[in-house]
Amino acid sequence: MMGHAMNTTDTKTLTISQFQAIEARAHELRAQAFAAMMRRLFGALFSAPRKVVSCPSCARPLHS
């Protein structure tokens with residue numbers, strides 16, 4: 001802890017300059033996690049009927 005007073009300014013500057021980048025990255029990761037969760041959820045919802053209905057024409061996705 002000897003040189004702590006010397007690089008306090010550097011640490012603060014780093015924190016301030018990186019704060020928005022860290023926030024943006026965290027938001028990106030949250031968005032990716034949410035999208036993955038939604039894909040798993042809808043995948044589970046729509047894979048069950050697809051297994052029951054084995055004919056390909058009946059298993060078409062709803063959007064054209």
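How many salt bridges does the structure hold? The count is one, where a salt bridge is a side-chain nitrogen of Lys or Arg within 4 Å of a carboxyl oxygen of Asp or Glu.

Before you start clicking, please note that this is a predicted model, in which local features need pLDDT of at least 70 and side-chain atom pairs count only at pLDDT 80 or more, while totals for chains, interfaces and linings use all residues. Residues are numbered from 1 along each chain as its sequence is written, and side-chain values use heavy atoms, with hydrogens and water left out.

**The whole chain**

Now show the surface, which comes to about 6,200 Å² of accessible area, 68% of it belonging to carbon and sulfur atoms (Shrake-Rupley method, 1.4 Å probe, with only the protein chains shown counting as cover for residues). Of the 64 residues, 0% are buried; buried means under 20% relative accessible area, exposed over 50%, and partly exposed in between (1.4 Å probe, protein chains only).

**Stop one: the salt bridge**

Select Arg25 and Glu28, whose closest N and O atoms are 2.9 Å apart. Both sit in helix H1 (residues 8-52), three residues apart, about one turn of the helix. Glu28 is partly exposed at 38%, and Arg25 is partly exposed at 43%.

**Stop two: the aromatic pair**

Move along to Phe42 and Phe46, which lie in helix H1, four residues apart. The whole structure has one aromatic pair. The ring centres of Phe42 and Phe46 are 6.2 Å apart and their planes are at 15°, so the pair is stacked (centres within 6.5 Å; planes under 30 degrees apart are stacked, over 60 edge-to-face, the rest tilted). Phe42 has 39% relative accessible area and Phe46 has 41%.

Methods: Helix = DSSP H or I, 4+ residues; strand = E, 2+ residues; numbered from the N terminus. Phe/Tyr/Trp six-rings, centres within 6.5 Å; stacked < 30°, edge-to-face > 60°.
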